[in-house]
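Before you set up any calculation on this model, please go through the points below with the coordinates open.

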Amino acid sequence: MTVGAAGAAAAPDSTARVVVEPAFEAPVQTDVLIVGAGACGLTAALLLADLGVDAVVLERDAQPSGSTSLSSGFIPAAGTRVQQALGIDDSPERFAEDIQGKAHGTAAPALVAAYTQAIAPALDHLESRHGLRWEVLTGFLYPGHSRHRMHTLSARTGVALEQALEAALAAAGVPVLTEAQATELVVDGEQRVLGVRARRPDGSTEGVGCRALLLACNGYGGAPALVRRFIPEMAEATFGGHTGNDGTALHWGEALGARLADMRAYQGHGSWAVPHGVLMTWALMVEGGVQINREGRRFHDESQGYSEAALHVVAQPGGIAWAVFDTPVHALAQGFPDFVEAEAAGAVRRADSVAALAQVIGCDADVLAATLDAWTPGEPDAFGRRLPRRLAAPFFAVKVTGALFHTQGGLDIDARTRVLDAGGAPLPNLWAAGGAARGVSGNHVSGYLSGNGLLSAVAGGYIAAHDMAAFLRTSTPA
Ligand SMILES: Cc1cc2nc3c(=O)[nH]c(=O)nc-3n(C[C@H](O)[C@H](O)[C@H](O)COP(=O)(O)OP(=O)(O)OC[C@H]3O[C@@H](n4cnc5c(N)ncnc54)[C@H](O)[C@@H]3O)c2cc1C
């Protein structure tokens, strides 16, 4: 759908629309406008401030949180100072190989190269200039990562990451306009963005004019009609992300004639505890846990990754499974604040025998005993997985379902994060990154390598800021 001469193109089932208004005049004018105050928007805003560029951030919530706050806050990066200090032999090229390995070579090559090269300088910069102190998780490897490269703040939560970025932005004095839901994208008829109108809680609208716009408002996981359209297999699944993932960027992009890419890709998760509605770290599986359905049977190779596990779990009777593990895994899980909280809330059940575990699961004890007896440590099992050992009592079990966390398809962008039109040419002054743009997971749920979400958000925000600053140096103000 292209914006026509009539002047307006409204997307069905959304308040987001594009209006052609060449004489747009806004009470507030800035060089760069950023829609969305998650990891992507906040990283970009910080970098722009460091580069001396005026920027304003629009955020629909009263208190910015986004999917970033819901995440575990783990960001993969190769070659940071902290990783080097630990003596970990890693490189952007090796990281890129791991991303392509998970996506079977289908992830956009230019973006993979750009993000894997940018993420270490981005994290180093956030540390040296804004005081975010990174640690590298060395306890275990997520499926598909060949090196320890997950970076986290000491609190190990997405909330801590979001709050640290927000605090840095406040210290840098960049304005974040909260309770401002961007609804109208204003353009000049030649696809040049002039600004945005945002809806305020009292129903009024406020216009902000800009010379360059960054869409950092994530994807469409919280928009059921779009989920049905692009990833129908997850239409009935629980959405574990932020409600602000309502497809604003997608609606605007489509209305402008932008190209979409990798629309079938997303981050699923096969370990969403029910009814508690919290994430159970996949480390439980990586370290030797298994998933068992309510009939007492395993059903897949858990070492393949949590994203595709979502599909396996929702295909089980009742759409549920039990994550089952033993004492060594339970001990390791104590290092994950999310797990500790979930355990305190009663999500983790303990069983001192196979019979007691069968009671918890509600399955036949003989079937369960056969399941737990069905593999030889170190040998490929019926699903091709090599489990390190047999599970021994006491057992621990968590009831889980498969959830949609965020979409990985979106607006097609080049390696500088500029939004591309249908012919592959960049639109005049529109950038997108993080969940608003296509990611680096190919075009299927199984292509998601752990950390691709925050990688795209932080590296994408960092690249976009540099590119917009360069654009502003050479473009003439209207
Ligand atoms: C439970 C869970 C765990 C996860 N764990 C990890 C992990 O450990 N590592 C990892 O890499 N990824 C993880 N992810 C994915 C990761 O959270 C996202 O990929 C990442 O946070 C995206 O950042 P973002 O800045 O693009 O979007 P967000 O953080 O969602 O920020 C977008 C912001 O835009 C705002 N917004 C949206 N529309 C508008 C509008 N129209 N006007 C104004 N504001 C608007 C929203 O309110 C929001 O604040 C996880 C996701 C979930 C749900």
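The numbered points below take these topics in turn.

1. This is a predicted model, in which local features need pLDDT of at least 70 and side-chain atom pairs count only at pLDDT 80 or more, while totals for chains, interfaces and linings use all residues. Residues are numbered from 1 along each chain as its sequence is written, and side-chain values use heavy atoms, with hydrogens and water left out.

2. The axes of helix 1 (residues 39-50) and helix 15 (residues 452-474) come within 8 Å and cross at roughly 35°; helices here are DSSP runs of H or I with at least four residues, and strands are E runs of at least two, both numbered from the N terminus. Axes are lines fitted to C-alpha atoms, for helices over the stretch in contact, with angles running from 0 to 180 degrees between N-to-C directions. The crossing is right-handed, that is, the near helix is turned clockwise from the far one by less than a right angle.

3. Which residues of helix 1 meet helix 15? On the helix 1 side they are Ala39, Cys40, Thr43, Ala44, Leu47 and Leu48, where contact means heavy atoms within 4.5 Å.

4. Helix 5 (residues 109-130) has 22 residues and spans 31 Å from its first C-alpha to its last, close to the 32 Å expected at 1.5 Å a residue, the expected span being 1.5 Å times one less than the number of residues. Just after helix 5, Gly131 takes a positive phi of about 75°.

5. Glu184 forms a salt bridge with Arg17, their closest N and O atoms being 3.2 Å apart (a side-chain nitrogen of Lys or Arg within 4 Å of a carboxyl oxygen of Asp or Glu). Because Glu184 lies in strand 9 (residues 181-187) and Arg17 in strand 2 (residues 17-20), the pair ties together parts that are 167 residues apart in sequence.

6. Cis peptide bonds, with omega about 0°, join Val274 to Pro275 and Ala393 to Pro394. Pro275 is in the loop between strand 14 (266-273) and strand 15 (278-279).
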